Amino acid sequence: MSVSKSVSPTEQESASGEKECLIWDRQHETMARPELEKLQLKRLQSVVTRCYNKVPFYRQKMDACGVRPQDIESLADVSKLPFTTKHDLRDNYPFNMFAEPMENIIRLHASSGTTGKPVVVGYNRNDLDTWVELMARTYTSAGVTKVDIVHNSFGYGLFTGGMGFHYGAERVGATIVPVSGGLTKKQVMLWQDFGATVLTSTPSYACVLAEQVEESGLKPATDLKLRIALFGAEPCTPQMKADVEKKLNVEVYDTYGLTEMMGPGVGIECPYHDGLHIAEDHFLIEIVDPETGEVLPPGSQGEMVLTTLTKEAFPVLRFRTRDRTLINQEPCACGRTLARLQKIAGRTDDMLIIKGVNVFPSQIESVILSIPQLEPQYVIVVDRGSNHMDDFEILVECSEKVHNEGEEAMETTRLRLVAEMHQVLGLNARIKVVAPKTLSRSEGKAKRVIDLRDMNQ
Ligand code: DLL
């Protein structure tokens, strides 16, 4: 028997044509900017003092550049503080950055470091309470309420996605189904049997789930009750979003976060889908030039630097996120005054330099997704050829239809991709169009780039 809670509206159109948006914490999410900045300054002064007094790493770095907590007299004074990088956090593995004794730490998570030691973050009771509140904001912003059944496919474990989305759903009173990634067929069966209305997952795993729905011959509009998908943890291009929205009959909301700051819940999308609102009452944003570290004027694109304003166990000053974005401080039609990330335009450190040309995987993805004959499943392999020249190959799956039409159709699709890729990148890539479902799938963040150059040197 299929059961479901009654379906709630995401947002309604009022008589004036404006959307009515749900807001979890109206007091903080709609604060006038002068009031918000006053709160931010008070919190900044307190967190800088905490770091200076409790974490030897910060005291040494601040002493080295001659800055004391009392030098922070305005928000702009944050630029007097030294940056903190992922390397700094790794060097202090596992607990040296904690500002609370271990007896007060009640949870640990860690970043998904691919090499060496991960970054370990600790939370005390207040930190977990703050996180849950921010996740409740995230769900509410997407129109999720207690009538919803939330199917959580984010990985549980050291990764922050699973547990972050788990406790936020409970806080808004929704029913949480803690599935994690994997066993894709079973996930779709549970959607049907439990009547899930909300999916939370990485966009790449949502594509895998959407494939499974197609394969099982289900019609999402009639056979499933899904209405909302909350994504995050990796970039989701507009084409990928459109693809999942169509295949699963959902409205997609993006969310942004990072382990070092807390996990998910740092940035949330509202029903106007025009950027991600940053919880500025808890995180101070700066945009800096990734090369020089210089703070850039409002509206510039650059690297986002974040400072935690309320974290107690693991406060972080001026963290170099390596995420490239720009910030819009205009109030939003949803009623929130919190600034919006206009888009995460890739990372400053995943840029590939191929034959001297800067290439962002997100550029490659958007070309692939603009060609309807291709599926959003691809791998980029970069290697050094025998002549020491960079060698660059893209493997991408074609649609079932093109595959059934045969080799000629696959070759036509390939030639189109070669031409469009050259236009966008200014580079010739070797491109292989392969049969659907032949590239390996990910249950969490997709691994799209295999760079063999360092290994072969
Ligand atoms: O990915 C936390 C998270 C979990 C966010 C679930 C949202 C949902 P990390 O593993 O530390 O934490 O990875 C953080 O992922 O610096 C970005 O480069 C990238 N990222 C996160 N959200 C987005 C997004 C989690 N919406 C790193 N769009 C960040 C693009 C994103 N990139």
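His-273 counts as partly exposed because its relative accessibility is 27%, where partly exposed covers the range between buried, under 20% relative accessible area, and exposed, over 50% (1.4 Å probe, protein chains only). The residue is found in the loop between E10 and strand E11 (276-278), helices (H or I, at least four residues) and strands (E, at least two) being DSSP runs numbered from the N terminus. Although His-273 is not a glycine, its phi is positive, at about 50°.

This is a predicted model, in which local features need pLDDT of at least 70 and side-chain atom pairs count only at pLDDT 80 or more, while totals for chains, interfaces and linings use all residues. Residues are numbered from 1 along each chain as its sequence is written, and side-chain values use heavy atoms, with hydrogens and water left out.

## Backbone features

Arg-322, placed in strand E14 (residues 319-325), also has a positive phi in a residue other than glycine, near 70°, and with a relative accessible area of 27% Arg-322 is partly exposed. Just after helix H6, Gly-173 takes a positive phi of about 90°. A cis peptide bond, with omega about -10°, joins Tyr-93 and Pro-94, and Pro-94 has its place in the loop between helix H4 (86-91) and strand E3 (107-110).

## The open sheet

Nine strands, in the order E6-E5-E7-E8-E9-E10-E11-E16-E15, form an open sheet with mixed pairing, two strands being paired if DSSP finds at least two bridges between them. Strand E6 (175-178) and strand E15 (327-328) stand at the edges with a single partner strand each, so one side of each is left without a neighbour in the sheet.

Strand E5 (residues 149-152) pairs with strand E7 (residues 198-200) in the parallel sense over three bridges, and four bridges join E5 to E6, which also run parallel. His-151 stands opposite Leu-199 in E7 and opposite Val-177 in E6. From E5, Ile-149 and His-151 point one way and Val-150 and Asn-152 the other, and all of these residues are buried.

Helix H5 (residues 125-141) lies across E5, E7, strand E8 (228-232), strand E9 (251-258) and strand E10 (263-269), and runs at about 35° to E10. Helix H7 (residues 184-194) lies across E5, E6 and E7, running at about 175° to E5.

## Helices and their buried residues

The table sets out two helices with their spans, the expected span being 1.5 Å times one less than the number of residues.

| Helix | Residues | Length | Span, first to last C-alpha | Expected span |
|---|---|---|---|---|
| H2 | 33-54 | 22 residues | 31 Å | 32 Å |
| H6 | 160-172 | 13 residues | 19 Å | 18 Å |

The buried residues of H2 include Leu-36, Leu-39, Leu-41, Leu-44, Val-47 and Val-48, and the buried residues of this helix pack against helix H1 (26-29), helix H3 (56-64), strand E12 (283-288) and strand E13 (302-308). Among the buried residues of H6 are Gly-161, Gly-162, Gly-164 and Gly-168, together with Phe-165 and His-166.

Ser-141 is found in helix H5 and counts as buried because its relative accessibility is 1%. Not counting residues up to four places away in sequence, Ser-141 touches Leu-22, Tyr-253, Ile-268, Glu-269, Cys-270, Pro-271 and Arg-336.

## The chain as a whole

There are 13 helices and 22 strands in the protein, and of its 457 residues 54% count as buried. For 457 residues a compact globule would have a radius of gyration near 23 Å, and the 23 Å of the protein agrees with this; the radius is taken over C-alpha atoms, and the globule rule is 2.2 Å times the number of residues to the power 0.38. Along its principal axes the C-alpha trace spans about 70 × 65 × 45 Å. Of the contacts with a separation of 6 or more, 68% are between residues 24 or more positions apart.

How values were computed: Contact = heavy atoms within 4.5 Å. Axes fitted to C-alpha atoms, helices over the stretch in contact; angles between N-to-C directions.
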